[in-house]
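Here is a short note to read alongside the model. Please keep the 3D view open as you go through the points.

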Amino acid sequence: GLAADDRMKNFVATVSDRPGGIARLTTLLGDHGASIKDMYHERAFLHSNIDHVHVKVVVELQGKEHAQEIEKVLTEHGYDPVWDDADHKKMI
């Protein structure tokens with residue numbers, strides 16, 4: 001399936017809780033060819049910073065190299081993604 005082919009990936013990103021914070025993340029993903037399949041906004045898990053929230057995201061990608069590109073782009077833009085798969089650290 002898609003997960004076995006490195007095409008379906010799950011991650012958690014830290015996003016600004018200000019207007020447009022999630023929109024910037026989704027635009028960045030779309031601009032780099034990631035198709036968002038599911039997204040869940042989790043306000044309760046980030047107690048240390050009231051200006052940010054965790055967003056769980058499921059994306060469809062084009063394979064392992066595309067996943068590495070997306071990880072690099074997210075990190076460069078300050079989202080600090082935590083991936084939920086065997087190739088990345090487990091989500092908290």
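1. First, a caution. This is a predicted model.

2. Start with the sheet. It is open and has four strands, in the order S2-S3-S1-S4. The pairing is antiparallel. Strands S2 (35-42) and S4 (82-83) stand at the edges. Each has a single partner strand, so one side of each is left without a neighbour in the sheet.

3. Now look at S1 and S3. Strand S1 covers residues 8-16, and strand S3 covers residues 52-60. The two run antiparallel and are joined by nine bridges. Lys9 has Val59 in S3 as its bridge partner. Asn10 stands opposite Val58 in S3.

4. S1 also pairs with S4. Here two bridges join the strands, again antiparallel. Find Phe11: its bridge partner in S4 is Trp83. As background, strands of a sheet pair through backbone hydrogen bonds.

5. Next, which residues of H1 are buried? They are Gly21, Leu25, Leu28 and Leu29. Seen down the axis of H1, these buried residues fall within an arc of 95°, so they line one face of the helix.

6. What covers the buried residues of H1? The cover includes strands S1, S2 and S3. Helix H2 (64-76) is also part of it.

7. Last, check the end of H1. Just after this helix, Gly33 takes a positive phi of about 80°.

Technical notes: Residues are numbered from 1 along each chain as its sequence is written. This is a predicted model: local features need pLDDT of at least 70, side-chain atom pairs count only at pLDDT 80 or more; totals for chains, interfaces and linings use all residues. Side-chain values use heavy atoms; hydrogens and water are left out. Two strands pair if DSSP finds at least two bridges between them. Buried means under 20% relative accessible area, exposed over 50%, partly exposed in between (1.4 Å probe, protein chains only). The arc is that of the directions from the helix axis to the C-beta atoms. Contact means heavy atoms within 4.5 Å.
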